[in-house]
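Please examine the structure shown below.

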Amino acid sequence: MRHLEVRGLTKRFAADSPPAVDDAAFTLDPSEILGIVGPSGCGKTTTLRMIAGFERPDSGKILLDDQSIVDLPPEKRRIGLVFQDYALFPNRSVLRNVLFALHRTNKRDRLSRADELIAMVGLSRERDRMPQELSGGQQQRVALARALAAEPQLLLLDEPFSNLDAALRDATRRDIRALLKRARVSTILVTHDQDEALSFCDTVAVMHDGRIEQTGSPESVYLQPRTSFVAQFLGRANLLSGRATGDSADTDLGRIAIATPASGDVTLSLRPEHLTLRAAGDAPPAGCSDEEPLACVGQIVSREFRGHDITYRVRYRETDYLVHTDYSIDHAPGTRVYLIPRRPAVVL
Ligand code: ADP
Ligand code: MG
């Protein structure tokens with residue numbers, strides 16, 4: 001049985017504007033972490049607010065353990081919420097913030113349960129501090145402990161990490177994912193950050209203009225995008241048009257392998273890390289040779305060194321291609337290079 005099932009969920013704020021959420025559907029298994037990822041304004045928060053009960057859908061179903069919750073008020077849904085701005089009580093200690101939410105626990109056990117939750121989020125030493133004496137990451141963990149205190153059947157996280165600076169964000173994300181997995185809480189994370197969605201979630205739903213364009217494991221949405229939006233939103237992608245015959249296609253980069261057989265006109269996606277470079281030497285080669293059927297010669301127009309890897313922009317026949325290589329493949333801008341696909345291109 002699915003823990004949460006959402007079908008045909010639609011919400012329009014004004015009759016003359018397109019729906020904010022348009023026929024959205026997804027499911028969540030017990031203990032699963034689902035990510036809804038998409039650019040700002042695509043309908044993520046509205047989707048969460050309908051699940052939480054703050055917004056009424058125009059149509060569609062929301063089933064929690066097979067029971068419709070659409071007619072229940074928010075406080076009857078047993079859904080926990082954590083937003084980007086923590087919303088802690090500023091004049092209450094960590095302990096009192098958590099105690100406040102333990103209304104389902106009988107009075108005798110509240111203090112020990114609060115201490116347990118505070119230990120679970122790693123804040124036992126900060127138990128008696130006030131929120132303003134904590135870092136952003138610590139405040140976010142208090143908010144999480146408080147949300148878990150109410151024993152929610154489902155936890156909704158709306159951009160919970162976006163107010164944290166980069167170093168803290170990575171660590172907080174890792175901690176919170178581990179904690180949710182230990183506590184076996186079914187969770188939906190909403191974010192505009194594709195790296196966060198890919199690393200934090202078991203399943204990722206990519207949202208665009210109110211619609212969910214693709215749902216799948218992080219690996220499948222990244223490696224087998226079905227639309228050019230998904231390919232470009234989840235990292236960088238080189239899009240090529242070509243003519244496919246079977247398992248290859250003729251493109252500006254010559255004849256290249258494709259991941260699924262196709263025929264006719266196609267749009268293809270090649271991730272920068274699925275292309276590599278080799279210096280072409282000084283002599284201009286006479287096009288692609290038989291021995292190097294996939295290689296074409298372009299010129300490096302920029303190089304972005306990032307420690308463990310390097311991103312190049314290579315211009316070939318007036319088009320720029322992004323190439324992401326290991327730090328050991330090191331060429332200066334201006335170098336003439338072969339562009340070599342390392343994996344079959346994905347057909348969009
Ligand atoms: P996201 O969380 O993905 O950034 P939202 O769900 O907040 O997107 O918003 C989706 C769309 O719905 C946006 O165009 C936004 O302006 C509109 N919208 C959101 N809430 C309201 C509201 N209460 N009234 C009118 N329009 C709204
Ligand atoms: Mg939002």
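## An open sheet

Strand β12 (residues 254-270) pairs with β18 in the antiparallel sense, over two bridges. Here strands are DSSP runs of E with at least two residues, helices are runs of H or I with at least four, and both are numbered from the N terminus; two strands pair if DSSP finds at least two bridges between them. Ser-269 stands opposite Val-346 in β18.

Three strands make up this open, antiparallel sheet, in the order β11-β12-β18. Because β11 (238-251) and β18 (346-347) each have a single partner strand, they stand at the edges, and one side of each lacks a neighbour in the sheet.

## Basis of the model

This is a predicted model, in which local features need pLDDT of at least 70 and side-chain atom pairs count only at pLDDT 80 or more, while totals for chains, interfaces and linings use all residues. Residues are numbered from 1 along each chain as its sequence is written, chains are lettered from A and ligands numbered from 1 in the order in which they are written, and side-chain values use heavy atoms, leaving out hydrogens and water.

## Aromatic residues

The structure holds three aromatic pairs (ring centres of Phe, Tyr or six-membered Trp rings within 6.5 Å; planes under 30 degrees apart are stacked, over 60 edge-to-face, the rest tilted). One of them, Phe-89 with Phe-100, is edge-to-face, at 4.8 Å centre to centre and 75° between the planes. Phe-89 lies in the loop between β6 (79-82) and α2 (94-100) and Phe-100 in helix α2, so the pair ties together parts 11 residues apart in sequence.
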